[in-house]
Amino acid sequence: MGDRQVAQHGTIWRGNGEGEKMPGSDGKIDDGTGDASSTPELRAVQLNDDALRHDSCDSQVSDLELMRRCIARARSDQSEYPFAAVIGRHGKFVCEASNLVRREGDVTRHAEMVALSVAQRMLGTSSLHDCTLYSTIEPCAMCAYAIRESRIGRVIFGLQSPVMGGHTRWNILMDQTLSSTMPEVFAPPPSVIAGCLCQEVRKLFRSQHPLAWQVIEWRGIFVGQAEGPEMAAADSRQALRWSLRFANWTRSQVLDRLWR
């Protein structure tokens, strides 16, 4: 299907391995920043209620605001590549982080890893099941595993990484075996929305690192949206039902105190 833009289609990846396009009421995708009939490159992703597990328009707005904050964080630190992460809780900002790999000379200091660590300290818990992680680029395999162990409930990112991604290449984010084999440690897979504001992320990367971006684009390292049925995701509409809430409470308040 080619390089499908979420800005055009708003694709949500579900647990059955099928991608579903999420159009607006008129069949077009628009986030309110411009006319829906404008060129695809100028359209941002519409995050609708089904995709975001919430019923109010406020949640859509807060997700877009936090994703834009993530992009702004990436833009503000030009000493690193524009990798940034933001963590929100119930639509409210918790923390943000940039890549620290160059600055600290440590390849494990990815933005997502730093943000997870800060959020756990700020919230006083290692279980982030009621939080959302926003990232400019799809989390890598290392970050994806940390996301699963910290039990992040939702993951929203811009550009996908079919070469290094922990969702596109190695489907760690949506791996069911982790939670089915060790439910006391791993929560069910998070909801995943790929391609959010991916054109803004692409424009930022290209403007800050034009030569590197040419190589990245030529090799297909980061793309607007990758193809393939391997991009299975959990049903983004799953609600925090009482059973799930109880399981999250048990993991964080009982089992974590015994084993972590």
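This is a predicted model: local features need pLDDT of at least 70, side-chain atom pairs count only at pLDDT 80 or more; totals for chains, interfaces and linings use all residues.
**Exercise 1.** Decide whether Tyr134 is buried or exposed, and find what its side chain pairs with.

*Solution.* 
Step 1. Locate the residue: Tyr134 belongs to strand 5, which covers residues 131-137.
Step 2. Apply the cut-off: a residue is buried when its relative accessible area is under 20%. Tyr134 has a relative accessibility of 1%, so Tyr134 counts as buried.
Step 3. List the neighbours. Leaving out residues up to four places away in sequence, Tyr134 touches Asp63, Leu66, Met67, Cys70, Ala84, Ala85, Val86, Gly88, Arg154 and Ile156.
Step 4. Look for a polar partner. The side chains of Tyr134 and Asp63 make a polar contact at 2.3 Å.
Step 5. Compare sequence with space. Tyr134 and Leu64 are 70 residues apart along the chain, and 9.8 Å separates their C-alpha atoms.

**Exercise 2.** Classify Thr136 as buried or exposed and name residues that it touches.

*Solution.* 
Step 1. Thr136 is also placed in strand 5.
Step 2. The relative accessible area of Thr136 is 1%, and therefore Thr136 is buried.
Step 3. Not counting residues up to four places away in sequence, the contacts of Thr136 include Met67, Cys70, Ile71, Ala74, Phe83, Leu159 and Val201.

**Exercise 3.** Describe the largest nonpolar core and state which element gives the largest share of it.

*Solution.* 
Step 1. The largest nonpolar core holds 25 residues. Ile87, Leu116, Leu133, Ile147, Ile152, Val155 and Leu173 have the most contacts inside this core.
Step 2. Find the suppliers. At least two residues each come from strand 3 (84-89), strand 4 (92-98), helix 5 (111-123), strand 5, helix 6 (141-149), strand 6 (154-159) and strand 7 (191-194).
Step 3. Helix 5 gives the largest share of this core, with 5 residues.
Step 4. Another core, of 24 residues, lies apart from the largest one; among its residues are Leu66, Met67, Leu159 and Leu197.

**Exercise 4.** Find the buried residues of helix 6 and what covers them.

*Solution.* 
Step 1. In helix 6, the buried residues are Cys143, Ala144, Ala146, Ile147 and Arg148.
Step 2. Their cover includes helix 5, strand 5, strand 6 and helix 7 (176-181).
Step 3. Take Ile147 as one case. Not counting residues up to four places away in sequence, Ile147 touches Leu116, Leu133, Pro139, Ile152, Val155 and Leu173.
Step 4. Check the end of the helix: just after helix 6, Arg151 has a positive phi of about 65 degrees.

Terms used
Residues are numbered from 1 along each chain as its sequence is written. Side-chain values use heavy atoms; hydrogens and water are left out. Helices (H or I, at least four residues) and strands (E, at least two) are DSSP runs, numbered from the N terminus. Buried means under 20% relative accessible area, exposed over 50%, partly exposed in between (1.4 Å probe, protein chains only). Contact means heavy atoms within 4.5 Å. A polar contact is a pair of N or O atoms within 3.5 Å; within protein, one must be able to donate a hydrogen and the other to accept it, and residues adjacent in sequence count only if both atoms are side-chain atoms. A nonpolar core is a set of buried Ala, Val, Leu, Ile, Met, Phe, Trp, Tyr and Cys residues joined through side-chain atoms within 4.5 Å.
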